[in-house]
Amino acid sequence: MGTFKIEGGKPLKGNVQPQGAKNEALQVLCPVLLTSEKVRITNIPDIIDVNKLITLLGNLGVKIQKNGPGDYTFQADEVNIDYLKTEAFKKEGGSLRGSIMIVGPLLARFGCGYIPKPGGDKIGRRRLDTHFEGFINLGAKFRYERADHFYGVEIDGKLQGTYMLLDEASVTGTANIVMAAVLAEGTTTIYNAACEPYLQQLCKMLNAMGAKITGIGSNLLTIEGVDALGGCEHRILPDMIEIGSWIGLAAMTRSEITIKDVSWENLGVIPNVFRKLGITLEKRGDDIYIPAHTDGYEIKTDIDGSILTIADAPWPGFTPDLLSIVLVVATQAKGDVLIHQKMFESRLFFVDKLIDMGAKIMLCDPHRAVVMGHNFQSQLKATTMSSPDIRAGISLLIAALTAKGTSTIQNIDQIDRGYERIDERLRALGANIIRA
């Protein structure tokens, strides 16, 4: 495992271009399995998790042509379904959470889909029930091999459209069911569907391939099944999680940074949540400009004067992926904030590392933490730490960039899973960071 060595306390300056969205990429790569025609996707981020999924598609027999950086053409005209039953697939598919989303397209087009228990961040229990209950509603038969933690769905003939009310607005669950339903016979209605921008992007891509999906952007999707899909071209949105990370990094390091081409209309409440922390950010065309916060930033209180609470929620609520960023940024704010992580019970378990650096944080329980900001009166101190997951990893990196002395972050593969060439891009802004 590699390490980062970071000399903190240095303000940064410059422009940064956000990468393509990781969470969208993991969704929109999977519909290439729904057609034998060519599908071209651009703005694909060059990160570990996405590259793993591209490799998995290649091993399934998908023809892959790299046209340039982040630009690929896929053609699934000779898919090898037998690969799904190999030990190599069990190992490969089990290392990536996003591999679950190949099941829907495979089931719809080939009548079967299998997946080992998928990996990903260890941030708490992440149910697969929504995915498989959706497939069962469409007529598939479910199988589970407990010894190997191997899941499967199969059907004789075609899936049948139906009405379903999801028990949770799962983003990946909704995506998987939609990809299965586009080739089902009849009409499928999905209520309590996720409506994140990346799910909207998936639906728009499927419609460009010939699907008939209405209600995009709402929690009620209607899918009229079609006989076959064709090829298309699709461009991935900028990564809203990375954009939020750059906002937090700029404020906490008191740096003047412009984030280019952010797709403002798809950021939702993210800019306002950072404004509640007292962070100044300006809309300049489709860019975000963050001035150097030389005088710090002050957390706002609620209207009645009570402590501000920032909590995650399904879209259009605040994304859970940015709570770790908000938490670390609050450690140098003026004022206090309650961070409430509702969706995952282990995501706050990196705060001990921030406390070791001198942050004032009280972990109330696995889901809640109170942060008492230093207002830059007490600088964090450098330390050696390990990255437990993607978002905690980038939060620790932000903390290290503000700390006094040289910090070491181990297990940086976790950060590389979600952030493209983060060290190179930080050095371009003036950071002193070395990959070892």
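**Reading strands, sheets and salt bridges**

User: In which sense do strand β18 (residues 336-340) and strand β20 (residues 368-372) pair, and over how many bridges?

Analyst: Strands of a sheet pair through backbone hydrogen bonds, either parallel or antiparallel. Here β18 and β20 pair in the antiparallel sense, over 5 bridges. Two strands count as paired if DSSP finds at least two bridges between them. The names come from DSSP runs numbered from the N terminus: helices are H or I runs of at least four residues, and strands are E runs of at least two.

User: What should I know about the model and the numbering?

Analyst: This is a predicted model, in which local features need pLDDT of at least 70 and side-chain atom pairs count only at pLDDT 80 or more, while totals for chains, interfaces and linings use all residues. Residues are numbered from 1 along each chain as its sequence is written, and side-chain values use heavy atoms, with hydrogens and water left out.

User: Which residue in β20 is the bridge partner of V337?

Analyst: V337 has V371 as its bridge partner in β20. Strand β20 also pairs with strand β19 (residues 361-365), again in the antiparallel sense, over 4 bridges. With 2 residues between them, β19 and β20 form a hairpin.

User: What is the order of the strands in the open sheet of 4 strands?

Analyst: The order is β2-β14-β16-β15, and the pairing is mixed. Its edge strands, β2 (13-16) and β15 (282-284), each pair on one side only. From one strand to the next the twist averages 20°. For such angles, axes are lines fitted to C-alpha atoms, for helices over the stretch in contact, and the angles run from 0 to 180 degrees between N-to-C directions.

User: Which helix packs on the sheet, and which strands does the helix touch?

Analyst: Helix α8 (residues 240-252) packs on the sheet and touches β2, β14 and β16. Contact means heavy atoms within 4.5 Å. The direction of α8 makes about 170° with that of β14. Within the sheet, strand β14 (residues 256-259) runs antiparallel to strand β16 (residues 287-290), and 3 bridges join them.

User: How many residues of helix α10 (residues 323-330) are buried?

Analyst: Buried means under 20% relative accessible area, exposed over 50%, and partly exposed in between (1.4 Å probe, protein chains only). In α10, 8 of its 8 residues are buried. They are L323, S324, I325, V326, L327, V328, V329 and A330. The loop between β17 (308-311) and α10 holds P316, which is exposed at 54% relative accessible area. P316 and E196 are 120 residues apart in sequence, with 7.1 Å between their C-alpha atoms.

User: Which residues make the nonpolar surface patch of about 420 Å²?

Analyst: Patches are made of residues with over 30% relative accessible area and no salt bridge; like charges are joined within 9 Å, and nonpolar side chains (Val, Leu, Ile, Met, Phe, Trp, Tyr) within 5 Å. Areas come from the Shrake-Rupley method with a 1.4 Å probe, and for residues only the protein chains shown count as cover. Here the patch is made by Y163, L165, Y191 and L220. L165 sits in strand β9 (residues 163-165) and counts as exposed because its relative accessibility is 55%.

User: How many salt bridges does the structure hold?

Analyst: A salt bridge is a side-chain nitrogen of Lys or Arg within 4 Å of a carboxyl oxygen of Asp or Glu. The structure holds 18 salt bridges. One of them joins the side chains of R40 and D71 (2.6 Å, N to O). R40 lies in strand β3 (residues 38-42) and D71 in strand β5 (residues 71-75), so this pair ties together parts that are 31 residues apart in sequence. R40 is partly exposed, at 31%, whereas D71 is buried, at 12%.

User: Where are D287 and K260?

Analyst: D287 is in strand β16, and K260 is in the loop between β14 and α9 (270-276), 27 residues apart. Their side chains meet in a salt bridge (2.8 Å, N to O). D287 is buried, with a relative accessible area of 12%, while K260 is partly exposed at 26%.

User: Which residues are linked in a network of salt bridges?

Analyst: The network links D416, D423, R427 and R435. A further salt bridge is formed by R421 and E424 (3.4 Å, N to O). R421 is partly exposed, with a relative accessible area of 40%, and E424 is partly exposed with 41%.
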